Amino acid sequence: MRYDLAKMVGARPRKRLVLRPIEPPPALAAPLESEAAGIIGAIHTAIAEILLPAYEPRPAVTSDSVDSLGGALEGVREIGQRLAATVSGRLSRWAVRVEEWHRMRFIGAVKAGTGVDIVAFLTSQEALDQTQAAVRWASSLITNVAEDLLQTIDNRVWTAYAGGTPRRELGKQLSEDLGIARGRANRIAIDQTTKLASNLDQMRQQEAGIAKYEWRKSGKKHARKEHVARNGKEFRWDDPPADGHPGQAIFCGCRAMPVLDLD
Ligand SMILES: [Zn+2]
C-alpha cells in the first residue's frame, strides 16, 4: 500500500463503498493490432511479389525450380522474421497508452465514488514493470503468429509443388492463411490489452490499500458459466480464484470493482 484511500474518504454514509469498474474499449488495442497487421501485410506483399512469381507447378518444371522456389520462401521468411524481431521496440507506444488511459480512469472512478482526488499519488513510474512485461508478452505472441504463418506458407507451397496445384489455387489458399493469421493477431491484441488493464486494476487498487473487489461479469455472449456465477461476489486480491482475477483468463471480459471498507 502506498496510500490509504479508505482513510482519505471524508463523509461516510455507508460502511462499504463499491467503485465503478474500468472498461478498456477495443480502440485501446489498435496500436498493437496495427503492429501485427504490419508484419502480416509485409508477408502478404512478399508472397505476391517474390513467392508466387517463383512458383511453377509440376510438371511444368525446370531443373532449378526447386532452388528458386526455396529461395523465394527464404526471402518471405526473412522479411517476416526481421519485422517480428523488432516488434517489441514498437509496442511500448501501445503499453504506455493503455497505462495512461487506465491511470486517468482510475483517478476518475475514485473521484466519482469517494470525492477524493488521488492524482498526486499516481505516476506512470510504478506501472513500469507491468507495461514492460506486457510489451514482452505481446511481442512473443505476435512473433509466434508470424512464425506459425511462415511455417504454414512453407507447408502450403511444398504440398502444392508436389501435387501440381495451379498458381491461382495456391494464391487462394495463402490468402486464407493470411486471413486466419490476421484474425488470430486481432484477438491477441484485444486479449493482451484487457490483461494489461486488469493487471493495472490490481496494482492501482492495492497501492490504494484496497484489498477486495466485487466481481463484475462481462456482457460477452460466451462468458464462462463460473464467471457469471461470481457476479456481484466479493474476492480478495491476495486470494485469487484458480483461474485468476477478472480479465486474466483467456478472452475473459470480467472486471474488478474496487471495494472500500469504511469502518
Ligand atoms: Zn470472465
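**Exercise 1. Work out how helix 2 and helix 3 cross and what makes the contact.**

Start with the handedness: helix 2 and helix 3 cross in a right-handed way (left-handed if the near helix is turned anticlockwise from the far one by less than a right angle, right-handed if clockwise). Helices here are DSSP runs of H or I with at least four residues, numbered from the N terminus. A quick word on the model: it is predicted, so local features need pLDDT of at least 70 and side-chain atom pairs count only at pLDDT 80 or more, while totals for chains, interfaces and linings use all residues. Residues are numbered from 1 along each chain as its sequence is written.

Next, the geometry. The two axes cross at roughly 170° and come within 9 Å (axes are lines fitted to C-alpha atoms over the stretch in contact, with angles from 0 to 180 degrees between N-to-C directions). So helix 2 is roughly antiparallel to helix 3 (over 145 degrees; under 35 is roughly parallel, 65 to 115 roughly perpendicular, the rest oblique).

Last, the contact, which means C-beta atoms, placed from the backbone, within 7 Å. Helix 2 brings residues including G38, A42 and A46, and helix 3 brings residues including A72, V76 and G80.

**Exercise 2. Check the length of helix 3, then sort its two sides.**

First, the length. Helix 3 covers residues 65-85, and its 21 residues should span 30 Å at 1.5 Å a residue; the end C-alpha atoms are 30 Å apart, so that agrees. The expected span is 1.5 Å times one less than the number of residues.

Now the sides. A72, L73, V76, G80, L83 and A84 of helix 3 are buried (20 or more other C-beta atoms within 10 Å; 12 or fewer is exposed, in between is partly exposed, with C-beta atoms placed from the backbone). They sit on the same side of helix 3 because they cover an arc of only 110° around the axis, taken from the directions from the axis to the C-beta atoms. On the other side, D67, G71, E74, R82 and A85 are exposed.

What do the buried residues of helix 3 pack against? Their partners are helix 2 (30-54), helix 4 (87-114) and helix 5.

**Exercise 3. Describe how helix 2 packs on helix 5.**

Take the angle and distance: about 20°, with axes 11 Å apart. That makes helix 2 roughly parallel to helix 5. Among the contact residues are I39 and I43 of helix 2, and I142 and V145 of helix 5.

Definitions and conventions: Two residues are in contact if their C-beta atoms, placed from the backbone, lie within 7 Å.
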